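Please look through the structure shown here, and then follow the paragraphs below, which take its parts in turn.

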Amino acid sequence: MEKIFTVGNCHNQLWFVLLFSFLLSLILLLFDRTALIGGDQNGVTFLVNNFVNHATQTRTPKSFDSSVSTTDDKNETKSGSDLCSGRYIYMHDLPSQFNDELLKNCHSLIKWTDMCPAISNMGLGPRVENNPEPVLSKTGWFVTNQFTLEVIFHNRMKRYKCLTNDSSLASAVYVPFYAGLDVGRFLWGFNISVRDASSYSLLKWLAEKPEWRRMWGRDHFLVGGRISWDFRRQTDDDSDWGSKLMFLPESKNLTLLSIESSSWNNDFAIPYPTYFHPTKINQVIRWQKKMRRTKRRYLFTFAGAPRPNATDSIRSELIDECQSSPTCNFLGCFNGASKCDDPANVMKAFQSSVFCLQPPGDSYTRRSTFDSILAGCIPVFFHVGSAYAQYLWHLPKKYTEYSVMIPLDDVKEKKAAVNERLLRIPKKKVLAMREEVIKLIPRIVYADPRSRRESFEDAFDIAVKGVLERVERVRRVIEEGEDPSIGFSELNGTKF
C-alpha cells in the first residue's frame, strides 16, 4: 500500500510540473506580445504605465473649470493615429532682421522707454520681486509689458507640440515677424518710407517661398503686439499714423492676430498679455480659489487717466464719480505714475472691487480688461468695440454672463450714474457673473513658454485653434471651386 501511494504522489507531481510549465510559457508569451506592441517597454511596465496614465488623464481637478477642455482631452484618439493630424504648423525661418535683431537693439524699440527689461524671460519681463501682503501667488508672476505679445507667442510656438519642419504636412504657416516692435521704433518723427521698409521686405521674401504659392498666403498668419490700426495706415502722408503692412497687396491674404482688431475680415483680436504666466494647471486652480475667497470692499474700481484731448472720452466723468463715491476705488495712472506698472498695485486694486470700469482710452480696448478678469473683477464696458466685437475666440458670446454694458452716451449725457446702475444688479446675479469671470482665467493667460505644463487651453492654444479652423474653412471653399478671396479681407461691416 505504501508503494502504490508513492507512485501516485509522483504522478500527481509530474502533472503539476507540466501544468505549471504550460501556464508559465503562456504568461511569458503574452508579455512578449505586449512588449512588441509597446515598443521598447517590457510588458509589465507597459501595462502599469498605461493604467497609471489613464487614471491620471481622466482625473479632473475639482476646482478647475470643467467647461475649459484640456488639449489632451480633445485629442484622444485610437492607438497609432496621428494626434497632430490637421494641427501641424510650419514656422518660417525668417532672416534675423525681422525678429532677433530687433531684440538685440532693444534700447531703441520705443522712443521713451527702454524695452530691454521687457523682452527678458522670453518676453515675459522681469519676475515680480515686490509682493506685499501677499497680493499675488508665489510663482508665475512677471512685470509683463503690454506690447511684447509677439515675442511671447513666438517662444510658445517654438515649443508647440505639432510644429513641423515639413511644410507639406502643415495646416497653417506661422510668420514670426515682430511687426509691433518693428513699427514702434518709427512711430514718432520718421517718414512713411522708413516705417514701411520692413513690411515691403518681409512680403517680398514670403512671396518667393514655395509655401506661399501653395495657397498664396491664405494659410499664413502673424502676430502683432500692437493694435491692428498701427499696421493699417490708410494714406501716404507722413503725418498719418503707423505702417501700411496690412494694406499691401500680399497682406490681404495674411491673417493678423493682434491685441485689438480692426473691421477687416483678416484681423482677429487675441488677449493682451497679463502679469500671470503659469507653468502648471495647479497654479491656475490655486489662483482661482484665491479669487473666489477674496473679500471685495469696494463696489467698483477705475484704474487709468483722463483723456482731455479726446472729445468723446468719458474718463473724466468716471474719475469724478469715482472720487466722489465711497463705494469706488480710484488708481490714478497719470504720467510718471509707476504704481500703475506694478503688478501688485494693479492686482490689489482690482481684487478689492466687485466691478472694474473699462472705458475706451487711446483705442477701444485695454490691457486692463484682462488684468481685471485675472483678479476676478467683473468688467464694465461702455462700447462694443472694447470686447464684444473683439475677442471672439476667447470671450463668451453671451456677454451679459460675465460683464456689464453701460452705453457711453448714457454717461456722457448724464443719463446714468455708474454707482446706481451697478447697485441695481441682484446679488445672486453678481455672484454668478463673478464665477464666470473666474472661469475665464485659463483662457486669457499665456503660459510660461519654458514650462512643460500640464495640458490646459490657454490664450495661445485657443488662438492657434482659431487660425487652424479659419484656414480649414478657406481650403473647403477652394475645394468646392469657389473664390477664396471673396470676404477674406474685406470690411466685415462691424463699425466700432
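In this predicted model, helix H12 gives the most to the lining of the largest pocket, with three residues. Helix H12 (367-374) is joined in this by strand E7 (298-304) and helix H11 (343-351), each of which supplies at least two residues of that lining. Altogether the pocket is lined by 47 residues, and those that lie nearest its centre are Gln146, Phe147, Arg307, Asp341 and Asp362, while the space within the pocket comes to about 1700 Å³.

Turning to the sheet, the reader can trace six strands in the order E2-E1-E3-E4-E5-E6, which form an open sheet with parallel pairing. Strand E2 (163-164) and strand E6 (267-269) stand at the edges with a single partner strand each, so one side of each has no neighbour in the sheet. Strand E1 (residues 89-91) runs parallel to E2 and is joined to it by two bridges, and in one of the pairings Tyr90 has Thr164 of E2 as its bridge partner. Helix H5 (residues 149-157) packs on this sheet, where it touches E1, E2, E3, E4 and E5, and its direction makes about 135° with that of E4.

The largest nonpolar core has 94 residues, of which Phe153, Met157, Leu257, Phe355 and Phe382 touch the most other members; helix H16 (residues 459-479) gives the most to this core, with eight residues. Beyond its neighbours within four places in sequence, Phe153 is in contact with several residues, including Tyr174, Phe221, Leu257 and Phe460.

Methods. Residues are numbered from 1 along each chain as its sequence is written. This is a predicted model: local features need pLDDT of at least 70, side-chain atom pairs count only at pLDDT 80 or more; totals for chains, interfaces and linings use all residues. Side-chain values use heavy atoms; hydrogens and water are left out. Two strands pair if DSSP finds at least two bridges between them. Helices (H or I, at least four residues) and strands (E, at least two) are DSSP runs, numbered from the N terminus. Contact means heavy atoms within 4.5 Å. Axes are lines fitted to C-alpha atoms, for helices over the stretch in contact, and angles run from 0 to 180 degrees between N-to-C directions. A nonpolar core is a set of buried Ala, Val, Leu, Ile, Met, Phe, Trp, Tyr and Cys residues joined through side-chain atoms within 4.5 Å. Buried means under 20% relative accessible area, exposed over 50%, partly exposed in between (1.4 Å probe, protein chains only). On a 1 Å grid over the protein atoms alone, a cavity is a set of points where a 1.4 Å probe fits but cannot get out, and a pocket is an open set with protein on both sides within 12 Å along at least five of seven lines; lining residues have an atom within 4 Å of a point. Grid points are joined across faces, edges and corners, and a volume is the space filled by probe spheres set on the points.
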